[in-house]
Each structure stands twice: as C-alpha cells, then as structure tokens.
Amino acid sequence: MTLTRSDTVVVALGFLLVSSLYWGFWRADESAAELVIFVNGEKAYILDLFEDKKITVKGSVGDSLIEIKNGQARFISSPCNTSFCVRSGWQMHGGDFAACLPNSVSLHLSGGTKVYDAINF
Amino acid sequence: MSEIVKITPVREDIMIARFAALAIGIHVIESLLPSPIPGVKPGFANIVTLLVFLRYGLEAAAWVSILRVVVGSLIVGTFLSPTFALSFSGAVLSLFVLLACAGFNRRYPAHGLSLFGIAILMSMTHMATQFLVVYVFFIPHNALLDLLPVMMSAALIFGLVNGYISQNVSTRLDMSRNHVSHDTLMPSDDRNKIPGNQLK
C-alpha cells in the first residue's frame, strides 16, 4: 500500500490534533493560588501561596503554626492531641483542605481547578 | 382516477441497493458488539461507502451511506432516537468531507488523497460531529469534554484501520490506483438519458 503525500499530511495532522486534545483537556490541574485560613468558621486570613512565610494563628484553644512555601501550605504545629492537621502534610491543589478541629482553624486552598467538591472522613 | 406511478429500478438503483444492504449488514452486526465507551465503534460500514465512492462516485456513495443509516436504525430500533441523530449527523457531515476530498483530488490529481487519508478524515469528522451534537443538544456539561481526547483517539485508530482495509480491498478489486483522481458524479441530465431511468 502506498501513501500519497496528502495521506501522510492527513495522518500527521490527525495525530497532532489528537495529542493537542490530550494536552488541552487532560493536562494536570494547575496548582492553587491562594490560601484562605478560617478561624471559628470565619475567614481570618487570605494569603498568597507564593510568598513564603510562617504565620501564627490564634484559635479557640491556642496558637497554630502554619507554614507557606512554594505554593504549598501546612500546619507545623497545633494545640491538639490528634494532630490530624499536622499529619495531613502539605496542601498544594485548588480545593485542598486541612483542619485542626479542636482549635477551629482550617486551611482552604483556592484558585486553580478544584479536584474535589468535598471530602468525607 | 389516480394514476399509478410505477418506478422501474435501473441497474444503478439495484447496484446501490445491494451495496447498501452490505453496509446495513455490517452496521447491524456492529451495533450488537459491546463497546467500552458509548459512541465508539469501528464503523466498518464506511468501508463500503468508500469503495462505492471510488468505483461509482460520490452520489452513489451518498445514497449507500444515508440508506445505511436510515435502514440500519430501523432494523436496530433506534430510528429518530438520539443514537440515530448522532449517526445521521455524522454520516451527513462526513459525506461533505468526502465531497471536499473529491474536489481536492480533482484539483490536485498529482497529490490526491487515497482511500486511506479519506477514511481518516471521514471517521474523525464523524466523531467530532457526534460529539458536538451530544454536547450541544443532549449533555451540555463540561465534564463531557474530558472524553473528547479518548473519542478522537478511537476515531483516528479506526480511521487508520478502515483506511488500510479499504485501500487493500480496492487494490484487490483491481482498482489499483493510488489515489482517487476521478469523481464520476453524474449530472442529473445525463442520468435521465439512460433508458428506463425516468419515472413512468
């Protein structure tokens, strides 16, 4: 079977189109842009995720230490027994979420594309 | 008193009916095959359309393709259902692509498309049309767009397969031309000159 020059062009364009579709629709979600810290259910801080800093947030029990670095955020410490918040580690995607319930402090990442609507524990 | 209109089929009509029957058979068998994703199927029936196009021209190919969609859906039981809307719109749009290909080949006979290239163009057009119809009329939700790359990959793969098959079949049928340099679309004036081709 011989292909004409036009056939080759069609095949090449076909592959190009399909791969650009994957690139366009299946690219990994962009990371988050903003960190919103809730204290007692109210927005207490809105911070830029790309400005590295450590921040102490006063919650209902004590102080939670939160670190922001390279577009990620985490709890370093919190005055709770379970430390779920610390152990949930770095949060980096839009919609990611970490909370210290005893201290009523939670981190919400916004911007980028949300991967989850909600998470149940 | 009403006059009885009798239509005598000419050779061309019978020929189209036979090819359409072949395409309908393939269409029906294919519709019985399970598919991992709704809307993805091999589309082997288009091989018949392509071969008819190469041998008898665009008009005959259009007849075979449209008859296949309509009668095939009557047999499978999807006539006028969303499924039918999808295959009908896909078939019509890909026939327009076939028309464009025929025009291209007439204009640039030296670089004309073979059935291989035409099959790929038609299958991708068919899929894109289907997808557009689903997105606009049936499921206008952004989540659907995640399926588009998969659907178009399937279209490309089956286009390659169908193109390979039809190109090989056409060679074996001793229509051993590399590309479709002619288009035997017959003007209707000429059609009427064929004895027995008029309505009686």
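In which helix of chain B does B:I75 lie? And what surrounds that spot?

Mentor: Keep in mind that this is a predicted model. B:I75 lies in helix α3 of chain B, a helix that covers residues 58–76.

Start with the residue itself. Setting aside anything within four places in sequence, B:I75 is in contact with B:I24 and B:V28. B:I24 sits 51 residues away along the chain, yet the two C-alpha atoms are separated by 8.9 Å. Now slide along α3(B) to B:V64. Again leaving out neighbours within four places in sequence, B:V64 is in contact with B:I16, B:F19, B:A20, B:A23, B:V48, B:T49 and B:V52.

Some of those partners bring in the next helix. Helix α2 of chain B takes in residues 45–56, and it packs with α3(B) at an angle of about 160°, with the two axes 7 Å apart. Anything over 145 degrees goes down as roughly antiparallel, and α2(B) and α3(B) are therefore roughly antiparallel to each other. The crossing of α2(B) past α3(B) is right-handed. On the α2(B) side, the residues that meet α3(B) are B:A45, B:V48, B:T49, B:V52, B:F53 and B:Y56. On the α3(B) side, you'll find B:L58, B:A60, B:A61, B:V64, B:S65 and B:R68. Sort the residues of this contact by type and you get nine nonpolar, two polar and one charged.

Several of these names come back in the largest nonpolar core, which has 43 residues. The ones with the most contacts inside it are B:V48, B:L50, B:V52, B:A61, B:V64, B:L98 and B:I118. The largest share, ten residues, comes from α5(B). Apart from this core lies another one, of 15 residues, with A:I37, A:C85, A:L107 and A:L109 among them.

Zoom out to the whole of chain B and you have seven helices and zero strands. Of its 200 residues, 35% are buried. Take the contacts in chain B with a separation of 6 or more: residues 24 or more positions apart account for 78% of them.

Chain A has two helices and seven strands, and from the N terminus on its elements go α-β-β-β-β-β-α-β-β. Buried residues come to 26% of the 121 residues in chain A. For its contacts with a separation of 6 or more, the share from residues 24 or more positions apart is 38%.

Last, the place where the chains touch: 16 residues of chain A are in contact with 21 residues of chain B. On the chain A side, those residues split into ten nonpolar, four polar and two charged.

Note on methods
Residues numbered from 1 in each chain as written. Chains lettered and ligands numbered in written order. Predicted model: local features only at pLDDT ≥ 70, side-chain atom pairs only at ≥ 80, totals over all residues. Contact = placed C-beta atoms within 7 Å. Nonpolar A, V, L, I, M, F, W, Y, C, P; charged D, E, K, R; others polar. Axes fitted to C-alpha atoms, helices over the stretch in contact; angles between N-to-C directions. Helix = DSSP H or I, 4+ residues; strand = E, 2+ residues; numbered from the N terminus. Parallel < 35°, antiparallel > 145°, perpendicular 65-115°, else oblique. Left-handed = near helix turned anticlockwise from the far one by under 90°. Core = buried A, V, L, I, M, F, W, Y, C linked by C-beta atoms within 7 Å. Buried ≥ 20, exposed ≤ 12 C-beta atoms within 10 Å, placed from the backbone.
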